[in-house]
Amino acid sequence: MATGKNIRTYFEGRWHEGDVPVMRAADHGAWLGTTVFDGARYVNGLAPDLAAHCARTNRSAEALMMTPSVSPEEMEAIVWDGLAQYPREAAVYVRPMYWGIEGGHLAVMPGDAPAGFCICLEEVPMAPDDATANLTTTRFRRPVLDDAVVNAKAGCLYPNNARMLAEARRKGYANALVADALGNVAEAATANVFMARDGEVFTPIPNGTFLAGITRARHIANLRADGVTVHEAVLTFDDFRTADEVFLTGNLMKVTPVSEFDGTRYQVGPMSRRVRDLYWDWAHSEP
C-alpha cells in the first residue's frame, strides 16, 4: 500500500504512471534487505536541498557496499523532469532508491554490478502549521556503527523504528524520544529532535548512532545565521524535561512542535515558529 496518491515512478530509464513493480524475487534487496532511499520534498514549486538528498542517496548505497548507477546530478535532473508533471501547489514526497540485484561473496555481500534504481514521487500533504506531537520513552535504542549501517538511510534500520512507534502507540503517544547506547538522547523514532531553553537551542551531538539529517543541518545553519546560539551537545532525558520548547525536524514535515513528553507539557512557542519561518524564507531565497 502506498503512502500517498498521484504516484509516478522512474524505472529503467523512463517515467511510468502509478506504483510500478521494480524489484524481483531473487534480487539481493528482496531477500537480504540491501535497500536504501532518501526523501526530499517539493512544496509550492520548491525542492529545498534536493541536490544534498540526491548526493546522500549515493553515499547510502556505498555504505551498504552497493555500486550507484546514477550520479547525483543526473538524479536531480530526473527528479525535476518528473516534478514537471505535478501542479506547482502539489506537495510531493520525492524518494530515490537503490537496491541490490546481484549477490557477491557467499551470496551475502552484494555484487559489484550496479544496483537497481528508481525514483518514486507521491503526493503527500504537509502537516498543518498547528500540528503537534507527543512523546514517550521506549526500551528500544539506536544501534552503533559496529552493529548496524547507521551511516546510511537504509531500509533495514526502520523495523527498529517501527518497534519504537508501536510501543509509543500502546502507551497512548504519537512518537518516542530515543536513547543511544549510553542512555543519552539521540533523536525521536522518526525525526531529529531539538529543545529550546532560555532563548538558546540544543540538539543531540552526532555520535554515530543516528543520521544527522539534511533538514537538521539546515535549521542549525539558519538559526545561527539569525543570531541564535545552537549547541550540539550530550543531552539527557532530564534536559528535555526542563526545556521551554521541544520540536522535531525532518524532511517530511520540516518542523513539528512537541506538546508533551511523558507528562511534561510544553508551549508551542516562538522558537519552533522561528525555525519554520527561517526555513521557508531560506527556501524561497534559493535560486
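Figure 1. Ala 174 is partly exposed, with a relative accessible area of 44%. Buried means under 20% relative accessible area, exposed means over 50%, and partly exposed lies in between (1.4 Å probe, protein chains only). The model is predicted: local features need pLDDT of at least 70, side-chain atom pairs count only at pLDDT 80 or more, and totals for chains, interfaces and linings use all residues. Residues are numbered from 1 along each chain as its sequence is written, and side-chain values use heavy atoms, with hydrogens and water left out. Ala 174 sits in the loop between α4 (158-170) and β8 (175-179). Helices (H or I, at least four residues) and strands (E, at least two) are DSSP runs, numbered from the N terminus. The C-alpha atoms of Ala 174 and Ala 91 are 23 Å apart. Along the chain, 83 residues separate Ala 174 from Ala 91.

**Figure 2. The hairpin of β10 and β11.** Strands β10 and β11 form a hairpin with two residues between them. In the turn, Asp 198 has a positive phi of about 55°. The two strands, β10 and β11, pair in the antiparallel sense over three bridges. Pairing requires that DSSP finds at least two bridges between two strands. Met 195 stands opposite Phe 202 in β11. β11 is mostly covered, with four of its five residues buried. In a regular strand the side chains alternate between the two faces of the sheet.

**Figure 3. The β-α-β unit of β11, α5 and β12.** Strand β11, helix α5 (residues 214-225) and strand β12 make a right-handed β-α-β unit. A crossover is right-handed if, with the strands pointing away from the viewer, the path from the first strand over the helix to the second runs clockwise. Strands β11 (residues 200-204) and β12 (residues 230-233) run parallel and are joined by four bridges. Val 201 faces Val 230 in β12. Pro 204 has Ala 233 as its bridge partner in β12.

Figure 4. Glu 232 and Arg 216 form a salt bridge, with the closest N and O atoms 2.7 Å apart. Glu 232 lies in strand β12 and Arg 216 in helix α5, so the pair ties together parts that are 16 residues apart in sequence. A salt bridge is a side-chain nitrogen of Lys or Arg within 4 Å of a carboxyl oxygen of Asp or Glu. Glu 232 is partly exposed at 32% relative accessible area. Arg 216, at 4% relative accessibility, counts as buried. The structure holds 12 salt bridges.

Figure 5. Arg 274 forms a salt bridge with Asp 226, and the closest N and O atoms are 2.8 Å apart. Arg 274 lies in helix α7 (residues 270-285) and Asp 226 in the loop between α5 and β12, so the pair ties together parts that are 48 residues apart in sequence. Arg 274 is partly exposed, at 33% relative accessible area. Asp 226 also counts as partly exposed, at 36% relative accessibility.

Figure 6. The side chains of Glu 122 and Arg 95 meet in a salt bridge (2.8 Å, N to O). The pair links distant parts of the chain: Glu 122 in strand β6 (residues 116-123) and Arg 95 in strand β5 (residues 91-99), 27 residues apart. Glu 122 and Arg 95 are both buried. Side chains of opposite charge can pair when their charged atoms come close.

Figure 7. The structure holds 10 aromatic pairs. The rings of Phe 194 and Phe 247 have their centres 5.3 Å apart and their planes at 5°, so the pair is stacked. This pair links distant parts of the chain: Phe 194 in strand β10 (residues 192-197) and Phe 247 in strand β13 (residues 245-250), 53 residues apart. Rings of Phe, Tyr and Trp (its six-membered ring) pair if their centres lie within 6.5 Å; planes under 30 degrees apart count as stacked, over 60 as edge-to-face and the rest as tilted. Phe 194 counts as buried at 0% relative accessibility. Phe 247 counts as buried, also at 0%. Tyr 10, Trp 15, Tyr 98 and Phe 117 form one aromatic cluster.

**Figure 8. A nonpolar surface patch.** Trp 31, Leu 32, Leu 106 and Val 108 make a nonpolar surface patch of about 460 Å². Patches are made of residues with over 30% relative accessible area and no salt bridge: like charges are joined within 9 Å, nonpolar side chains (Val, Leu, Ile, Met, Phe, Trp, Tyr) within 5 Å. Accessible areas come from the Shrake-Rupley method with a 1.4 Å probe; for residues, only the protein chains shown count as cover. Leu 32 lies in helix α1 (residues 28-32). Leu 32 counts as partly exposed, at 36% relative accessibility.
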